[in-house]
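Thanks, everyone. Please look at the structure first.

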Amino acid sequence: MSGIFDRLQGFRSTLLNLGLASSKLYFVKVDVQGAFDNIPQAAVQQLIAGLLSEDHYYIKRHTEFKPPDTYGAHNADVIFKPTRKFCSEAAADFSAATFIKAIAARPPQSRRHNTVYVDGVVPDTHRRSYILELLSEHIGANVVRIGKKFYRQKKGIPQGSVLSSLLCNLFYGGFEAEHLGFLQEERSLLMRLIDDFLLITTDKKKATRFLQIMHDGSPEHGICIKPEKSLANFGAKINRHTVPELASGKTFPYCGILLDQKNLNILKDYSSSRAGGTCWHSTSLRHEITNWL
């Protein structure tokens, strides 16, 4: 979410440089149905196997000690303790920089003032085969208990896992490279937050083509789109379904924010909080249980 504003500002600057600042912008958003539930396990494992190119990987650890913040404390009976933060970093090679140089090379916003850094010295070493075996078990051996019975997930990747969002991002990135490469140009901006796609472009034909590709789906990527959950700011009919259209004078909703259709300014969407309800982002219970049987 923190990167959306920068992407929008960069896109607006690009349009300004191209002399297209006053051009009509076409907005399209689509939401993948049951993203984690439908991603093929074998395809994810094949993708990860291609990403790990080294034979060995190293995990180097260090500890960050920070003294207690006693500013404004007047109670002498209270004992303030220092805080400790245990950090680790993985890489294929640590020989290029010493620990001190690595800390100094960090961006300013990630450095902590009044902090003592303690090196873990000896890194842990893991073979590529072990990492792939661990990932394979993590993806393909997810087990849930319902009553007295245990079920193994046969389809999709485990929801709630610390890796699922990263795996989903990598997997959909491959889909974008294969099917949506025509949007990698200056007059179009494609953004995605996990499984929520948003396209902003000055080319209506490309916006319609994007809608067609997404609504056609991709079984090999587990992508299926619900037409009624899509939204565009222009009239479109895809596969005999009319895509819901947003009026030109309204702000375009996307992942809890509202986008101005003319100048790309961002507003916070408070509609769900005012309604007093909770916006659930999940599939039906029947669909979820099917993946486990």
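Helix H7 covers residues 204-216, 13 residues in all, and at 1.5 Å a residue it should span 18 Å; its end C-alpha atoms are 18 Å apart, which agrees. The expected span here is 1.5 Å times one less than the number of residues. Helices (H or I, at least four residues) and strands (E, at least two) are DSSP runs, numbered from the N terminus.

This is a predicted model: local features need pLDDT of at least 70, side-chain atom pairs count only at pLDDT 80 or more, and totals for chains, interfaces and linings use all residues. Residues are numbered from 1 along each chain as its sequence is written, and side-chain values use heavy atoms, with hydrogens and water left out.

Which residues of H7 are buried? They are Lys 206, Ala 207, Phe 210, Leu 211, Met 214 and His 215, where buried means under 20% relative accessible area with a 1.4 Å probe, protein chains only. They cover an arc of only 165° around the axis, which puts them on the same side of H7; the arc is taken from the directions from the helix axis to the C-beta atoms. These buried residues pack against strands E1 (26-31), E8 (188-193), E9 (196-201) and E11 (237-238), and against helix H6 (164-179).

Now the ends. At the N-terminal end, Asp 203 caps H7, with a side-chain oxygen 3.0 Å from the backbone nitrogen of Lys 205. Just after H7, Gly 217 has a positive phi of about 75°.

Finally, the chain. It has 9 helices and 15 strands, and 32% of its 293 residues count as buried.

Terms used. Buried means under 20% relative accessible area, exposed over 50%, partly exposed in between (1.4 Å probe, protein chains only). Contact means heavy atoms within 4.5 Å. A polar contact is a pair of N or O atoms within 3.5 Å; within protein, one must be able to donate a hydrogen and the other to accept it, and residues adjacent in sequence count only if both atoms are side-chain atoms.
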